There are 2 protein chains.
Amino acid sequence: MAELQNDRFLRALLREPVDRTPVWMMRQAGRYLPEYRATRKEAGSFMDLCRNKEFASEVTLQPLERFPLDAAILFSDILTIPDAMGLGLRFETGEGPVFDKPIRSMADAKKLYVPDMASDLGYVMDAVSTIRKDLNGSIPLIGFSGSPWTLATYMIEGGSSKTFAKIKAMMFDQPATLHHILDVLADSVIAYLNAQIEAGAQAVQIFDTWGGVLTPRDYNEFSLRYMHKIVDGLKRENDGRKVPVILFTKGGGQWLEAMADTGADALGLDWTINIDEARARVGNRVALQGNMDPCILYASPERIREEVATILAQYGNGSGHVFNLGHGIHPEINPEHAGAFINAVTELSGQYHK
Amino acid sequence: MAELQNDRFLRALLREPVDRTPVWMMRQAGRYLPEYRATRKEAGSFMDLCRNKEFASEVTLQPLERFPLDAAILFSDILTIPDAMGLGLRFETGEGPVFDKPIRSMADAKKLYVPDMASDLGYVMDAVSTIRKDLNGSIPLIGFSGSPWTLATYMIEGGSSKTFAKIKAMMFDQPATLHHILDVLADSVIAYLNAQIEAGAQAVQIFDTWGGVLTPRDYNEFSLRYMHKIVDGLKRENDGRKVPVILFTKGGGQWLEAMADTGADALGLDWTINIDEARARVGNRVALQGNMDPCILYASPERIREEVATILAQYGNGSGHVFNLGHGIHPEINPEHAGAFINAVTELSGQYHK
């Protein structure tokens, strides 16, 4: 593999000195880019795009042509694992993901198994190694997975949900069934992320999109506990270099201390917490990634730049900050506004790293 | 008016001694009750139900026939104020509320005015006084309003939203326009809640359903500031008795200290914070209302009782707690499960008030 030219992102995750704050955007390869929409059209369905390593690499690299980003992220879906478990994933227009065979009982749960990474999910590893080759050492590649709790919400609800009624009913009345499901998922995520690391991922992020709908107690027992198991099971080094792990629970601002206790290297933050407060609470234990409200990208380039300056000043001096949005970029955003954001970080952050 | 027989709810809001923890449920008059669905069918549309004082009183009192609740809440909609401003409110099946004339510019905003409480919103005050008469002093009646920020989200987005893109774009790029809208709304809410209090409401709650989608800074500037103005403008006493004010920001657990600074008597909590931690943070400044995950009502009555016991123990000894769900009861809930919840509070809470 080509030697890594820009390791700002990896260094910041390990709180090592950098020349400026690194930056990337969640969903940076996505619908807000016309070139993405063109490739998607060519590829067919969303999963066709994920399953074709050339197309997946093409869309992963598209935002790098436009913006001086410090990391690329594997283009894939968070539901690849339940799909590989045979739950019958479909994407319905306007409805989002649907599983034809949702998990509703211990009998259903007992049939779940850790997918085979080569035969069932080999297409993801092929995408990872293709992207690594195509990046040619320019910037690091992030691998990712959904958290067990987040994956389980889709598997049990049968798709997206507003109330999470079915998974919570199971959590309250059949906790052993839910723990069984989460345990198989945690083992699957460990195997999945380790396979991505072996295929070339240089950092990994666990997306816990729905952990924030839980009480503190239930978050600890049903989401964080399994993310902790994953962190413990990961290959944390590859090719002689540390592979940092980022945990991101949307709405998890109240639980940062517990999240840092997992041994993750960095925590993702949404915008409902001030990053200075988050930094004071976690101290030097972890790096922080975030945390600009993605809606700011609807505002003018001047206002975007102002917001970047505010967040940089809030974080203050020193390494340990990866600039990002607090959630994925919205599909309606003007790419020029994304560019204004990225440029503002690259131009304004050097002063905090003297 | 008949003398109040059960003032447990009002006393707890003022942190005065009580014999047991009072309890009510957000949306306790609602779709989970077959008798509500029957009245709704008879009344016609949802707004027809709100506009008819006999029907509104009937549904308000329905849950009291089933459960030993310690408070009733006016049956109405949070969008009565923008409706009275002439924005053209409709309810679309599956889509929720829609405004035909959303507010998008300073020109639109300048046309907004404080509705006349007698001619534009008299039907709400008629419902309040009818309900007070029908309650006949059994338990207190809660009046309510949406917060300015929450009302503005619907008025600017034109209905429900997931991303709040339009109101946030206005917040970032045209803050003066948004402040103008919020200011007219705050004045309207003051007039509206004072009229409800004069008509007989014995406590009032401000529902800030969407304040939790903001950054801490934007929450302070665009939501909390206007709730503070409302608290300052309310008639806090009626008929020689204090009228307590409850502020409820869903997802506001991180900002309780600032919410208490408004001078509200009580704060509503959702379930993402432990009530013992909330109590420790706000001390004796305010009472707390909440905070059971509404999804627990999908679980078995035994499990529900266990959860009630946990939350009572977390709050601990003494007054200052009004038991409630952390959000409205879901329409699919079995009324017997709601009963198991209410009964558990009445049976298990006495020990904390010795």
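This briefing covers a strand pair, a helix pair and a chain contact. The model is predicted, so that local features need pLDDT of at least 70 and side-chain atom pairs count only at pLDDT 80 or more, while totals for chains, interfaces and linings use all residues. Residues are numbered from 1 along each chain as its sequence is written, and chains are lettered from A and ligands numbered from 1 in the order in which they are written.

**Strands of chain A**
- Strand β2 (residues 89–92) and strand β3 (residues 96–99) of chain A pair in the antiparallel sense over four bridges, where pairing requires that DSSP finds at least two bridges and strands are DSSP runs of E with at least two residues.
- Arg90(A) has Val98(A) as its bridge partner in β3(A).
- Three residues lie between the strands of this hairpin, in which Gly94(A) takes a positive phi near 80 degrees.

**Helices of chain A**
- The axes of helix α2 (residues 34–43) and helix α4 (residues 53–66) of chain A come within 10 Å and cross at roughly 170 degrees, helices being DSSP runs of H or I with at least four residues, and axes being lines fitted to C-alpha atoms over the stretch in contact, with angles from 0 to 180 degrees between N-to-C directions.
- The crossing therefore makes α2(A) roughly antiparallel to α4(A), a term for angles over 145 degrees.
- Glu35(A), Tyr36(A), Thr39(A) and Ala43(A) of α2(A) meet Phe55(A), Glu58(A), Val59(A) and Gln62(A) of α4(A), contact being C-beta atoms, placed from the backbone, within 7 Å.

**Contact between the chains**
- Chain A and chain B each contribute 26 residues to the contact.
- On the side of chain A that touches chain B, helix α9 (residues 165–173) of chain A supplies the largest share, five residues.

Definitions and conventions
Contact = placed C-beta atoms within 7 Å. Parallel < 35°, antiparallel > 145°, perpendicular 65-115°, else oblique.
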